[in-house]
Amino acid sequence: MSEQITNYQCPSCTGPLHFNGGSGKLECEYCNAVFEVAEIEAIYAEKERTATENFNAAENSNNSDTSQFSQDWGTDMKAYSCPSCGAELICDSTTAATSCPYCGNPTVVPGQFGGALKPDYIIPFKLDKARAKNALKEHYKGKIFLPSSFSKENHIEEIKGVYVPFWLFDAKADARCVFHGTQSITTTEGDYRVTTTSHFDIRRDGTLEFEKIPTDASSKMPDDIMDSIEPFNYDELKTFSTAYLSGYLADKYDVSAEESTSRADARCRQSAIDTMRNDIHGYETLIEESADVSLVSGDVSYALFPVWMLATKWQDKTYLFAMNGQTGKLVGNLPIDKGRFFAVFAIITVVLGIILSLTGIFA
Amino acid sequence: MKKRLLFIVALCLCFVTLLCTTIFAEAQLDYVTDDIGVLTYSELDELNDLAEDLSTELDFGIYALVVDDYLYYGDSSIIFEVAKEIYSDYDLGMGENRDGVLLLLSTEDRDYSIYASAFGSKVFSNSKIDILEDSFLGNLKDDDWSGAIESYIFTAYNMTDTALSNVGEDGVYEEEGDYGTVLSFGVAAIISLIICFILGMGMKSVSHKNEANEYILKNKINFTRRNDRFTHTTVTRTKIEKKSDSDNDDSESFSGSSGKF
């Protein structure tokens, strides 16, 4: 079990280093020393290269520990040795960064991101775990239908910072759209109300370009949740370095770019039609009659984006929340208290009914 | 001589025509009229007195007419139209607007019709006329003519009396069962449901994205064709309903129903 994983240790005291999203630097928990990412990268470059070579060699020779798990654990598992305490780490085959369950030290598997598997970009974590917990509390506020026991009784079962793999698609769209629009004028002639409606055939053709449409590349992450925490601020995209992973979880992609293309294409197509439609003004009704959108795929980039995943349990059901680790946008569906729903419905109905009755609008 | 004879005949014809017209114009139906004798004299007298007393009390005519075949009493083949014709021809109803209600029973094919005029149309609206029908149809099916007419008279009296108590000082009738209130609460319920739905939507923050508007390069949008072409015009005419049409012209308003027993 040659060393395939790396853990970043403090050059001063050999304590574990964690990437701090707030400072954007690696920090030592023991001696509080702070290091630039580039500084640690330079120190660990050789170690990472060795770990990657070992990882690839193990993959190629098929003598890696995977074989020994193929019988007992299935081929989706891999085993590594913790460089700090020597404990055996059993991980998913896609795991790229994790923590040792015995010594707690952050570990990175550089081989998962070696060669062609290396991401182009990474957005480092900017918000910490405390912000994620606060964001969840804020998420509960103002939700009139939220069962009171949900916010009181439920506890965060698990909170983890994960670098989620994303494909970023560039594309060019050529759209040709036809709409039917109407304009109406109403006049009164004697006892009749006369409405004259003018009908128009409206055509809009055009081209538009998209840059870096994100599509999550991990089958473990629900697509709708990943869609909902968008957008990420691309101004903070950085060239990928494994040093950013220290202290967080990370997976390599297990959904290929080809498999993800259809999702990105569908979004491009809809946006192209919306853009053509939004260019039309001055009509009372506008109905899409036909839309022909041709897409030309551009560059595809591979990136890791920061996401805080929070899982809570209430009445034996797990509720999953996700927070954008860069912008702080938190999403997650909440349960509805049916009793509260009908109580609010009844109160509004009675109050509004009395007001309407008193005003005599419908008398 | 011949001329004189023709003149006398013509004069006689004119006199007869004039006499008939006068008699027809002055013809009056009793409150309860039985043209075929399904009621005994005493029953007829009692019912007639009852209808007259109650009608006078309310200033609202309550009439019942039993005929063998309604087709002989009007120009229409529809019993409701005939009832309407009789009500008009015999100048039924009381008060300025000829308020009242007529029950026409035709024994030939066991047909019946109710015709309510002026204020009667408000008392016996579509939703209420069923109550009046139910009050006498059971007796009619048992050929209890007297019981049927008596029940009809009392039910019509009670319903009219109740309706009159809903007439405000301004003379405007407020229909029993305040539809304004019902409508207010119906609208309130719909608005409440929409509000609750919007609040409920706030509980769901997860959904698939179906557009990529945030990733469009703003300086890379080029329109190659913008063409708005007029094709045709359509015109629709809608009659403007005037509220006064139904509210003020009581003399021409009526309601009713018909069927078989």
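Predicted model: local features only at pLDDT ≥ 70, side-chain atom pairs only at ≥ 80, totals over all residues.
**View 1. Chain A and its fold elements.** Chain A holds seven helices and 15 strands. The chain has 363 residues, and 49% of them count as buried. Among contacts in chain A with a separation of 6 or more, 71% come from residues 24 or more positions apart.

**View 2. Chain B and the order of its elements.** Chain B comes to eight helices and six strands. Read from the N terminus, the order is α-β-α-β-α-β-β-α-α-α-α-β-α-β. Of its 261 residues, 37% count as buried. Contacts in chain B between residues at least 6 apart in sequence join residues at least 24 apart in 68% of cases. Chain B exposes about 15,600 Å², with 54% supplied by carbon and sulfur atoms.

**View 3. The interface of chain B and chain A.** Interface size is often quoted as the accessible area lost when the parts come together. Here the buried area is about 5,600 Å². Carbon and sulfur atoms give 59% of it. Three residues of chain B, Met203(B), Val206(B) and Tyr215(B), supply 15% of the area that chain B buries against chain A. The contact involves 69 residues from chain A and 53 residues from chain B.

**View 4. Polar links across the interface, and the chain B side.** The interface of chain B and chain A has 28 residue pairs in polar contact, both residues at pLDDT 80 or more. On the chain B side, two elements give two or more residues: α7 (179-201) and β5 (222-239) of chain B. The most comes from β5(B), with 18 residues. Sorted by class, the side of chain B that touches chain A has 21 nonpolar, 20 polar and 12 charged residues. Four salt bridges also cross the interface of chain B and chain A.

View 5. Thr349(A) sits in helix α7 (residues 338-359) of chain A. Its relative accessible area is 11%, so Thr349(A) counts as buried, the limit being under 20%. Within chain A, the Thr349(A) side chain reaches the backbone oxygen of Phe345(A) at 2.6 Å. Towards chain B, the Thr349(A) side chain makes a polar contact with the side chain of Ser192(B) at 3.2 Å. Neighbours within four places in sequence aside, Thr349(A) is in contact with Phe185(B), Ala188(B), Ala189(B) and Ser192(B).

**View 6. A salt bridge within chain A, Asp174(A) with Arg176(A).** Side chains of opposite charge can pair when their charged atoms come close. In this pair, the closest N and O atoms are 3.4 Å apart. Asp174(A) is partly exposed, at 31% relative accessibility. Arg176(A) is also partly exposed, at 30%.

**View 7. A salt bridge between the chains, Arg229(B) with Asp201(A).** The two side chains meet at 3.5 Å, N to O. The pair runs from strand β5 of chain B, which holds Arg229(B), to strand β10 (residues 192-216) of chain A, which holds Asp201(A). Arg229(B) is partly exposed, with a relative accessible area of 44%. Asp201(A) counts as buried, at 10% relative accessibility.

**View 8. A salt bridge between two loops of chain B, Arg110(B) with Asp143(B).** The side chains of Arg110(B) and Asp143(B) meet at 3.0 Å, N to O. Arg110(B) lies in the loop between β3 (100-106) and β4 (111-117) of chain B. Asp143(B) lies in the loop between α5 (126-141) and α6 (145-165) of chain B. The pair therefore ties together parts that are 33 residues apart in sequence. Arg110(B) is partly exposed, at 27% relative accessibility. Asp143(B) is partly exposed too, with a relative accessible area of 42%.

View 9. Salt bridges that share partners join four residues into one network: Arg204(A), Asp279(A), Arg226(B) and Asp228(B). Over all chains, the count comes to 20 salt bridges.

Methods
Residues numbered from 1 in each chain as written. Chains lettered and ligands numbered in written order. Heavy atoms only, no water. Helix = DSSP H or I, 4+ residues; strand = E, 2+ residues; numbered from the N terminus. Buried < 20%, exposed > 50% of the residue type's maximum accessible area, 1.4 Å probe, protein only. Contact = heavy atoms within 4.5 Å. Buried area = accessible area lost by both parts, 1.4 Å probe. Polar contact = N/O pair within 3.5 Å; in protein donor to acceptor, adjacent residues only side chain to side chain. Nonpolar A, V, L, I, M, F, W, Y, C, P; charged D, E, K, R; others polar. Areas by Shrake-Rupley, 256 points an atom, 1.4 Å probe, with all protein chains shown as cover.
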